[in-house]
Amino acid sequence: MKQFYPIIKVLSPLLICGALGVEIWTLYALQTDSPLPPLPTGLFWFERFALTAHAVEGIVASLFAKSRQQSPIPYGLYTFFVGTVGLLELFEQPASL
């Protein structure tokens, strides 16, 4: 599994940035009465699920980062962008008491 970490660490931030872009585009379109992005509805739900899951992972990483000698905010942001890989890396580190 660890052999895929580098690939995930490149693809995941790109996809999350794309999902954030779609959300910003959608919010802008709704605020300005412009047409919504021409994307399938299923894609909207998938990107919203991914953003929510990554946000939860980032929050969990922020909460546990201090016990693993990591700075909470940067590690939470890192985990938000790379997802589960960030959590796995965090929990591989020994906890301090």
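Analyst: What follows takes some labels one by one. The model is predicted, so local features need pLDDT of at least 70 and side-chain atom pairs count only at pLDDT 80 or more, while totals for chains, interfaces and linings use all residues. Residues are numbered from 1 along each chain as its sequence is written, and side-chain values use heavy atoms, with hydrogens and water left out.

User: Why is α2 called roughly parallel to α4?

Analyst: The axes of helix α2 (residues 41-65) and helix α4 (residues 84-92) cross at roughly 20° and come within 9 Å. Angles under 35 degrees count as roughly parallel, over 145 as roughly antiparallel, 65 to 115 as roughly perpendicular and the rest as oblique. The angle therefore makes α2 roughly parallel to α4. Axes here are lines fitted to C-alpha atoms, for helices over the stretch in contact, and angles run from 0 to 180 degrees between N-to-C directions. Helices are DSSP runs (H or I, at least four residues), numbered from the N terminus.

User: Which residues of α2 and α4 meet?

Analyst: Glu57, Val60, Ala61, Phe64 and Ala65 of α2 meet Thr84, Leu87, Leu90 and Phe91 of α4, where contact means heavy atoms within 4.5 Å. By class, the residues of this contact of α2 with α4 are 7 nonpolar, 1 polar and 1 charged. Ala, Val, Leu, Ile, Met, Phe, Trp, Tyr, Cys and Pro count as nonpolar, Asp, Glu, Lys and Arg as charged, and the others, Gly among them, as polar.

User: What makes α1 roughly perpendicular to α3?

Analyst: α1 and α3 pack at an angle of about 90°, and their axes are 7 Å apart. This angle falls in the perpendicular range, so α1 is roughly perpendicular to α3. On the α1 side the contact includes Ile8, Lys9 and Ser12, and on the α3 side Tyr78 and Phe80 are among the residues. The contact of α1 with α3 divides into 9 nonpolar, 1 polar and 1 charged.

User: How do you know that Glu23 is buried or exposed?

Analyst: Buried means under 20% relative accessible area, exposed over 50%, and partly exposed in between, with a 1.4 Å probe and protein chains only. Glu23 has 17% relative accessibility, so Glu23 counts as buried. Glu23 lies in helix α1. Leaving out residues up to four places away in sequence, Glu23 touches Glu47, Arg48 and Leu51.

User: What makes the pairing of Glu23 with Arg48 a polar contact?

Analyst: The two side chains make this contact at 2.7 Å. A polar contact is a pair of N or O atoms within 3.5 Å; within protein, one must be able to donate a hydrogen and the other to accept it, and residues adjacent in sequence count only if both atoms are side-chain atoms. The value for Glu23 and Arg48 is 2.7 Å, and the limit is 3.5 Å.

User: What is noted about the phi of Asp33?

Analyst: Most residues other than glycine have a negative phi. Asp33 is not a glycine, yet has a positive phi of about 55°. Asp33 sits in the loop between α1 and α2.

User: Why is Asp33 called exposed?

Analyst: The relative accessible area of Asp33 is 71%, so Asp33 is exposed.

User: How do you know that Gln69 is exposed?

Analyst: Gln69 has a relative accessible area of 53% and is therefore exposed. Gln69 is in the loop between α2 and α3, and its phi is positive, near 60°.

How values were computed:
Helices (H or I, at least four residues) and strands (E, at least two) are DSSP runs, numbered from the N terminus.
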